[in-house]
Each structure stands twice: as structure tokens, then as C-alpha cells.
Amino acid sequence: MTVSFEICTKSVSIVVEDALLGTSSAVVALPRGIMQDGFITDIDGVCRLLSPEIAQLGAAKVRQCEFVLPASFAITQEVSLPRVKKSRILPLLRGQLEGGIADIGRYVVDYIPFSDDFDTLTLLAVLMEKKLIGQYIMLAERLSLKCTGIQLRFARLRRMMMQNKVTDTAFVIADIMPGEAELSLFEGGSVFVRSVRIDEADSTLSDWGIAFASAGPDITQQAAIVADGINSLIQFQDSRNRDLPVSAIYATGDTERYKELLSTCSLRLGRSIGPLNQNGQAVVEVMR
């Protein structure tokens, strides 16, 4: 039995996987302001919210867990390096990042390899604050658990696609969460992700220059703006590789608003949007 905590700014999804019983889950809403840029302002308060749900899911005896975080909790940057031995990649990467990122010693640096062509290695640098990582390790300890890993949502999706050998096409996955959304463009081993916050009081501007609507009851407006973000990714892919346009769009995440988001986005884009199940089978069936 394994337990994972999928964190976002407004909720925590607890996912329990059991070899015999299958998968069970629960969503715990977080009080307003308890999550600030990925940092938890009241760890004990979060523990009090999570503990009874963990027990309710029958996972009270589990001793290990992992955390799945949104991309907005990290810094990501595409980087090209000379082709070197694997042992030299991280030192070389840190050296290249130092000029553009202040106080890089605050971060744990990792990377996702994209391609290894001739003399050039293209990768996605991923930086997460050591203090932030330490906080989630502390949260696990307060829950009497040992943290065995911290991963990003889009990286997990990418790994799922790679395992299912979905690498010969380009597609978009819209990962909708309470409080934010991640729009990810996948092409082969590459992934380009943009995080968009869904604020309750006012809208924010995404990296694509798209205003994301407030997270009020107007699901139609929110879905329409998600569709505009997806369209921006489609246009971005057309500009970088016209020979491999986006062939499919998928949505995953907030199941409570799932159908309305899919329907509105599909109408606005004039394209179908398929659901993405946990093992990526929906993508695999369409792409093969």
C-alpha cells in the first residue's frame, strides 16, 4: 500500500493505492491563506485535517509517502548544454544557471532530459527551494510517515507518457486543480508547462499573457480562458515545429468541474477534448 499527497494551493488530494483493493482517494480543502507560494503556514493545522482522512482511507498503518506538487512551486527552465558524461551534467547545469538565478545555493537543482543530439544535450532544469522541500519532509514526519519522494505533476505525466511510448506526436494536457491550472505541451520527450493561478478575488496574468478568471461559480468563463491558454500552446507548437502540430488535447484534474470544463473548452476550440485516466490509457489508445 502506498500513499501520495497531491498538493495545490486550495486542497490536498490523498491517493491510496493497494495491490488488492485498488485505488481510493479523498480531497481535503485547505483554509484560505494556509498555502503561500508552496509554503505551509500552519503544518500542525494541515496534519489535523489530513490525519482522519488517512485513517478513513484505511492507510493508518502505512509508513511511507510521496508528495506531488504543481509546477508553480518550482522554477523550470529549458537549457542546452554540451554533450558530457552524466556525472558532469549537474555541475555544468548549476554553473550555467548561476548567472541568471540569484542565490542558487537556496535550491535543489535537478533536470529532465529532453534530447541528446550530436554534441548538444537539451534538458529542463528544475529548481526547488531547500526550505520548501524540508517543509514537506517535516509534514510527513508529523503524520508519522517517511517522505520517499517529491515530484512535480507535469513530470509525472511526462513519465507516464514515456512509459507508454507516446513520443511520436504533440499533444496538450490541461491539468485543472482547485486554485490553479497547469497547461502542458508534450512533444516527444519534451514538455513545456505554464502554471496559471485561479484567484478568488481577482484575476492573474499567466506567462502567456492570458488573464485567468476568478475561481467563483462561473465555470463557463474559467473554462473559456483555459481554452484560450490551450490555444496559445497550440500556436506555440506551430511556431516551433510546423511539421508536428498538436494532434490531441486531454484534460485531467478537478473531477467536480470536469464535464463543464471539457464541454466549454471543446466548443471554444472547435476540437474534441478527451479525458485522461490515471495510467494514460486514453492517450495511448488514440495515438497508436
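Colleague: In this predicted model, which residues does Ser13 touch, not counting residues up to four places away in sequence?
Modeller: Ser13 is found in strand β2, which runs over residues 11-18. Its relative accessible area is 17%, and since the cut-off for a buried residue is under 20%, Ser13 is buried. Once the residues up to four places away in sequence are set aside, Ser13 touches Ser4, Phe5, Glu6, Ala26 and Val27.

Colleague: Which residues have the most contacts inside the largest nonpolar core?
Modeller: In soluble globular proteins, nonpolar side chains tend to be buried together. In this model the largest such core has 54 residues, and a second, separate core of 22 residues includes Val172, Ile176, Ile230 and Ala251. Inside the largest core, the residues with the most contacts are Phe5, Ile7, Ile14, Leu50, Phe67, Tyr136 and Leu139.

Colleague: Leaving aside its neighbours within four places in sequence, which residues is Phe67 in contact with?
Modeller: Phe67 is among the residues with the most contacts inside the largest nonpolar core. With neighbours within four places in sequence left out, the contacts of Phe67 are Phe5, Ile7, Tyr136, Leu139, Ala140, Cys147, Gly149, Ile150 and Gln151.

Colleague: Within what arc do the buried residues of α2 fall, seen down its axis?
Modeller: Helix α2 covers residues 86-97, and its end C-alpha atoms are 17 Å apart, in agreement with the 16 Å that its 12 residues should span at 1.5 Å a residue. The buried residues of α2 are Ile89, Leu93 and Leu97, whereas Ser87 and Pro91, on the other side of the helix, are exposed. An α-helix has 3.6 residues a turn, so residues three or four places apart point the same way. Seen down the axis, the buried residues of α2 line one face of the helix because they fall within an arc of 40°.

Colleague: Is Thr122 buried or exposed?
Modeller: Thr122 lies in strand β9, and beyond its neighbours within four places in sequence it is in contact with Glu78, Val79, Ser80, Pro113, Phe114 and Ser115. Because its relative accessibility is 14%, Thr122 counts as buried.

Colleague: How far apart are the closest N and O atoms of Glu129 and Arg106?
Modeller: Side chains of opposite charge can pair when their charged atoms come close. Glu129 in strand β9 and Arg106 in the loop between α2 and β8 are 23 residues apart, and their pair links distant parts of the chain. Arg106 is partly exposed, with a relative accessible area of 36%. In the salt bridge that Glu129 forms with Arg106, the closest N and O atoms are apart by 3.0 Å.

Colleague: Which residues are linked with Asp175 in a network of salt bridges?
Modeller: The side chains of Asp175 and Arg153 meet in a salt bridge at 2.7 Å, N to O, and this pair links strand β11 (residues 170-177) with helix α4 (residues 153-163). Asp175 counts as buried at 4% relative accessibility, and Arg153 counts as buried at 7%. The network of salt bridges links Asp175 with Glu6, Arg153 and Arg156.

Colleague: Which element of the protein chain has the lowest mean pLDDT?
Modeller: The chain averages a pLDDT of 81, with 85% of the residues scoring at least 70. Over residues 199-217 the pLDDT stays under 50, although the model has 44 contacts beyond four places in sequence for them, and over residues 278-288 it is likewise below 50. Among the elements, helix α3 has the highest mean pLDDT, 95, and the lowest, 37, belongs to strand β14.

Definitions and conventions: Residues numbered from 1 in each chain as written. Predicted model: local features only at pLDDT ≥ 70, side-chain atom pairs only at ≥ 80, totals over all residues. Heavy atoms only, no water. Core = buried A, V, L, I, M, F, W, Y, C linked by side-chain atoms within 4.5 Å. Buried < 20%, exposed > 50% of the residue type's maximum accessible area, 1.4 Å probe, protein only. Contact = heavy atoms within 4.5 Å. Helix = DSSP H or I, 4+ residues; strand = E, 2+ residues; numbered from the N terminus. Expected span 1.5 Å × (residues − 1). Arc of directions from axis to C-beta. Salt bridge = Lys/Arg side-chain N within 4 Å of Asp/Glu carboxyl O. pLDDT = per-residue confidence, 0-100.
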